[in-house]
Amino acid sequence: MTTTIRAADLIDSVANALQFISYYHPKDFIDAMYAAWQREKNPAAKDAMAQILINSRLCAIGKRPLCQDTGIVTVFITIGMNVRFDTDTAIDDLINEGVRRAYTYPDNVLRASILEDPDGARRNTRDNTPAVIHHRLVPGDTVTLQLAAKGGGSEAKARFAMLNPADNVADWVMAQLPGMGAGWCPPGMLGIGIGGTAEQAMLMAKQSLMAPVDIQTLAERARQVPDSLSHEDRLRLELFTRANQSGIGAQGLGGLTTVLDVKVRSAPTHAANKPVALIPNCAATRHIDITLDGTGPAQLPVPSLEDWPEIARTASDDTLHVDLDTVTADDIAHWQPGQTLLISGHLLTGRDAAHKRLVDLLEQGAPLPIDLRDRFIYYVGPVDPVRNEVVGPAGPTTATRMDRFTRPLLEQAGLRGMIGKAERGKDAIQAIKDNQAVYLMAVGGAAYLVAQAITAARVVAFEDLGMEAIYEFTVKDMPVTVAVDTQGRSIHALGPQKWHDYIVAH
């Protein structure tokens, strides 16, 4: 029997699903994060996970994005051979129309992050198309789609190697973790693909991340029926244990939980090869499986707010309220790595494109469009506001991308401090130390929560860059952590080592 799928149903299903995952975490992820929050002993890591969970609940209520980086859309579509479509339009074009509608939906505009001509002009396509689409044709009379919106920060930490057949996969994965840093916003998931060819290994790693968090169920089966475990099962458990023993912790601050799950998929490979791919998933885990059977658009399981824990952040004894408009060099000299700050006042923003323009102007001896002296700059490209919002979700982007611009902006423009996501590189830390500046860290995966602290926003330079323009935010009690102090001490070095030692000792 032939099933007819209407083109409109496929388009609507893709659009609805992408809106859905922009603001609803999967319940398995919420449960795993909450369990990790309950276990955590490092106050800084516990607070980071609290922010992620509070942000998740706020997004579910407000139907606004979990993260300002609303991702590149990846689709695995499986088409039954008894299916026909009522259109001559290509399947990919239908899917991309769904993406276009999802990302331009007026009530919940999603940030357009996709650039064409990636090694040239890098022009924004303005609607987040095209998606990355993979197809399979199988027996059957339905169409299934696995959709994900993958953030650029975690995607940037993907790794691949062609190992020798005798090499140990677990050892290779563990060797990658320190170099990945915290830019993938742990705690999240690791997807591992083993075998096949180079591109197949990467695809398996990516698709493995579409599965629910179930490592605790696997661990229980390992205790009760150890002989039932496959090689992939044992590798998952080994990597889960070793990764969490690393002490990297939430946001790289050090702690008991670095990964919530590890997924492994494998395929037959050439006798001379062992291709291995590693792709992490961040705290803004966004994916869903949907099915079309000819009866209309896919049905989406609307969650209950009871699925989210109601938790509150608790201020630590050393939490400091800071006025960015009056803070002095002497003030910041007393800040300690790992200390929580609640910042208020006026804050500039800027990402890669704006930083490059600023440094180009400095090199040309030209005036800057805005005075950076004694100011703080926040590495963010916010989502456009809707309704009565001042700004849309506005979480931090990966700070290391701005490392090469750090010294000239500190030394020539007089910048006092920076706020971003994850660690800084060696050269940037040295520049911070040399200039008695400071780097603060905001939590990746808490973008809507951060936006609640922004009371005003206006573009002050480079308006043509869209979300990468320089804004001036007025903020009230925005939570950040001192990540690199004026002496060049980094919490991303100190924290993981401390908590690795703690885990080993206990």
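**Close-up views of a predicted model**

Figure 1. Glycine 414 lies in the loop that runs between helix 12 (403-411) and strand 16 (417-420). The model shown here and in the other views is predicted. The relative accessibility of glycine 414 is 12%, so this residue counts as buried, the cut-off being under 20%. Leaving aside residues up to four places away in sequence, glycine 414 touches Leu372, Arg373, Asp374, Arg375 and Leu409. One of these, Leu409, is also listed among the buried residues of helix 12. Phenylalanine 376 is 38 residues from glycine 414 in sequence, and their C-alpha atoms are 10.0 Å apart in space.

Figure 2. Threonine 398 is found in the loop between strand 15 (376-378) and helix 12. Its relative accessibility is 5%, and threonine 398 therefore counts as buried. Apart from residues up to four places away in sequence, the contacts of threonine 398 are Gly153, Gly183 and Lys421.

**Figure 3. The buried residues of helix 12.** Helix 12 has Asp403, Phe405, Thr406, Pro408, Leu409 and Leu410 as its buried residues. These residues pack against three elements: helix 11 (352-364), strand 16 and helix 13 (426-434). The packing against helix 11 is taken up in the next view.

**Figure 4. Helix 11 against helix 12.** Two packed helices are described by the angle between their axes and the distance between the axes. For helix 11 and helix 12, the axes come within 10 Å and cross at roughly 45°. The two helices are therefore oblique to each other. The crossing of helix 11 past helix 12 is left-handed. On the helix 11 side the contact involves Asp352, His355, Lys356, Leu358, Val359 and Leu362, which meet Phe405, Pro408 and Leu409 of helix 12. Sorted by class, the contact comprises six nonpolar residues, one polar residue and two charged residues.

**Figure 5. Helix 6 against helix 9.** The axes of helix 6 (residues 169-180) and helix 9 (residues 231-245) come within 10 Å, with a crossing angle of roughly 30°. Angles under 35 degrees count as roughly parallel, and helix 6 and helix 9 are therefore roughly parallel to each other. Their crossing is right-handed. Helix 6 contributes Val169, Ala170, Asp171, Val173, Met174 and Leu177 to the contact, and helix 9 contributes Leu235, Glu238, Leu239, Arg242 and Ala243. By class, eight residues of this contact are nonpolar, none is polar and three are charged.

**Figure 6. The whole chain, for context.** The chain contains 15 helices and 19 strands. Its C-alpha trace spans about 75 × 55 × 50 Å along the principal axes. A compact globule of 506 residues would have a radius of gyration near 23 Å, and the chain agrees with this because its own value is 23 Å. Of the 506 residues, 58% count as buried. Among contacts between residues at least 6 apart in sequence, 77% join residues at least 24 apart.

Notes. Residues numbered from 1 in each chain as written. Predicted model: local features only at pLDDT ≥ 70, side-chain atom pairs only at ≥ 80, totals over all residues. Heavy atoms only, no water. Axes fitted to C-alpha atoms, helices over the stretch in contact; angles between N-to-C directions. Helix = DSSP H or I, 4+ residues; strand = E, 2+ residues; numbered from the N terminus. Parallel < 35°, antiparallel > 145°, perpendicular 65-115°, else oblique. Left-handed = near helix turned anticlockwise from the far one by under 90°. Contact = heavy atoms within 4.5 Å. Nonpolar A, V, L, I, M, F, W, Y, C, P; charged D, E, K, R; others polar. Buried < 20%, exposed > 50% of the residue type's maximum accessible area, 1.4 Å probe, protein only. Rg over C-alpha atoms; globule rule 2.2 N^0.38 Å.
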